[in-house]
Amino acid sequence: MAKIVDLVLHHSDSITPDSVEDYVKAGGFEGLRKAFTMKPAAIIAEVKAAKLLGRGGAAYPAGSKWAHLLEIAEFPKYIVCNADEGEPGTFKDKLLLSQVPLQVIEGMIIAGYVFNSHDGYIYIRGEYAAIQRTFQQALDHAIEQGYLGANILGTDFCFTIHIMTGAGAYVCGENSALLNSIEGKAGRPRTKPPHLAEVGLFKKPTLVNNVETFANIPVITKIGGEKYLSYGTEESGGTKLVCLSGHVAKRGVYEIPFGITLRNIIYDPEIGGGMAAEKKLKFFHLGGQSGPCGIPKQLDTPYCYKALRNAKLSVGSGAIVVMDESVCVIDYLKSVTEFFIHECCGKCTPCRQGNQQLYIILNKFTNGTGAQDDFIKMQELIDVLTKTSFCGAGQSATVALNSCLAYFKDEFEAHIHGICPAGHCF
Amino acid sequence: MCNKLNSLQIIAIIEAHGKAKERILSILLEIQKASGENYVHEEWAKLVADHLGLPYSKVYDVLTFYAMFSITPRGKYVIEVCKSTPCYISKSARIVKILEEELGIDIGNTTEDKMFTLLYTPCVGACDIGPVIKIGEEVYGNLTSAKITELINTYRGGVPWQR
């Protein structure tokens, strides 16, 4: 099996990002042309056959999401692209937005065609201001060349894409919070149900997908769902952009077929290239801050949704942060918890207070005042956050901590006795 | 109307965005940039509220919810040090120390000449070149002590350093 593929990133290093001519020359918009010859239900059938799972992190089957929205009779419907990439360790959407914006645009146009929608919105985080400008140029050029705007490619179909900016809020990556933010409000998540397919943007039926998900759509319509699926495993169709960072030799974004192992990803010379320094791998953190950590004995787990889930790991956003033995697990978890404290929107008490209390306890371990009963307190807080937080951010804030308590209990114990195995804390 | 921006400039920004409520983030970000002090004054925010037909409380909610906004003046250049885990384990704490020494301030503060404000930021999506800092819209990575000094000197001279 090839360890690196060139399916979604096919155009990425050979074209001028906002050039329609370059994009078309490289095979761009063929997916759209083909989609225009198909019925909406047939396109959705291809997406279903591709087993494309949402690439933002939640891994919701895109085909089911699309099928649900297609059944809804109310109009207008809105197409929204979630480009609020803020998950630490994740920078693959940035690559797509800055290098192949037209592929993301093509995916959104196909979605617009499927749902007979006339307006699409792409919500790009405020920190990516330069990318917003590149993306606008790509939109302008697509309009000039007849791929966007009125009567696309001579058909009756009209579709416009609006760029909306974020202004620094991790929680806006949560789809309902993102819609609130597009509406000009503070980006606090909404109560669900109703589902966003029923009551979404401006209270209208709405499709929200991640940048990478949209970038996959033209590929699927072009080569067909079955062919796309074949790049990955039986359960996880196609490829995934993974983001390698931390103490790995070759940090960066790589497109890998689902099914190669974590060991391949971290150690293969074509991908991660092994550890950066002459130090051993201690643990890795998958899928973002809200994902679980894993340890070296899990390295032979295939990187796909099912196998990772069975190993209590996850794909999440595609982030893979690699830590060598110089890192203290508890110090690391403090950094994770600090992130959630900073990014908590404040709406619900478990997330707002729970993360702060967890930080206090973790700090006890690193300053040498941790005690046995802190394990019980942490477990209680983990339960409360997981079960009672309002949105995914709080519900998953303790996933990393929980995994590390399972693998590194001895390191916590050592801290109680004034020993930091990494030599960081004391 | 307080210093820097007058009401006509604010209104021009609001109108350039079609006076649309949905554009409030773009409008406020542009006002903040135009202020030269990286903040949005209460009077400007009230003007935005009036022109968009929103109660001021809603605009205040937005200004204080999103991390990129400030309601108090900051330096001409806001230097943000990423402290999310990929940068943290790439020794971002050392970068903070170097910057604090170079600028003569503790993180969270603004230099006396109002040139620089030093802050932490969560992930800016440049983990492949960590540790990173963001100055205005620019992200700089693979930082060393020498590179930071050079960078700060260039900003002091008023010309952002080109990579």
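Leaving aside neighbours within four places in sequence, A:Ile105 is in contact with A:Ala138, A:Leu139, A:Ala142, A:Leu148 and A:Ile161. The model under discussion is a predicted one. Within the largest nonpolar core, which comprises 178 residues, A:Ile105 is among the members that touch the most other members, together with A:Val80, A:Val104, A:Ile320 and B:Leu28. To this core helix H6 of chain A (residues 101-115) gives the most, contributing ten residues. In soluble globular proteins, nonpolar side chains tend to be buried together.

H6(A) also packs against helix H9 of chain A (residues 211-223), the two axes lying 7 Å apart at an angle of about 75°. Because angles of 65 to 115 degrees count as roughly perpendicular, H6(A) is described as roughly perpendicular to H9(A). The contact brings A:Gln103, A:Val104, A:Glu106, A:Gly107, A:Met108, A:Ile110 and A:Ala111 of H6(A) together with A:Val211, A:Phe214, A:Ala215, A:Ile217, A:Pro218 and A:Thr221 of H9(A). By residue class, the contact of H6(A) with H9(A) consists of nine nonpolar, three polar and one charged residue.

In chain B, B:Pro86 is located in helix H5, which spans residues 85-88. B:Pro86 counts as buried because 31 C-beta neighbours lie inside 10 Å, the cut-off for burial being 20 or more. When residues up to four places away in sequence are not counted, B:Pro86 touches A:Pro88, A:Gly89, A:Ser245, A:Gly246 and A:Val321 of chain A, as well as B:Cys127 and B:Gly130 of chain B. B:Ala67, which is 19 residues from B:Pro86 in sequence, lies 20 Å from B:Pro86 in space, C-alpha to C-alpha.

Terms used
Residues numbered from 1 in each chain as written. Chains lettered and ligands numbered in written order. Predicted model: local features only at pLDDT ≥ 70, side-chain atom pairs only at ≥ 80, totals over all residues. Helix = DSSP H or I, 4+ residues; strand = E, 2+ residues; numbered from the N terminus. Buried ≥ 20, exposed ≤ 12 C-beta atoms within 10 Å, placed from the backbone. Contact = placed C-beta atoms within 7 Å. Core = buried A, V, L, I, M, F, W, Y, C linked by C-beta atoms within 7 Å. Axes fitted to C-alpha atoms, helices over the stretch in contact; angles between N-to-C directions. Parallel < 35°, antiparallel > 145°, perpendicular 65-115°, else oblique. Nonpolar A, V, L, I, M, F, W, Y, C, P; charged D, E, K, R; others polar.
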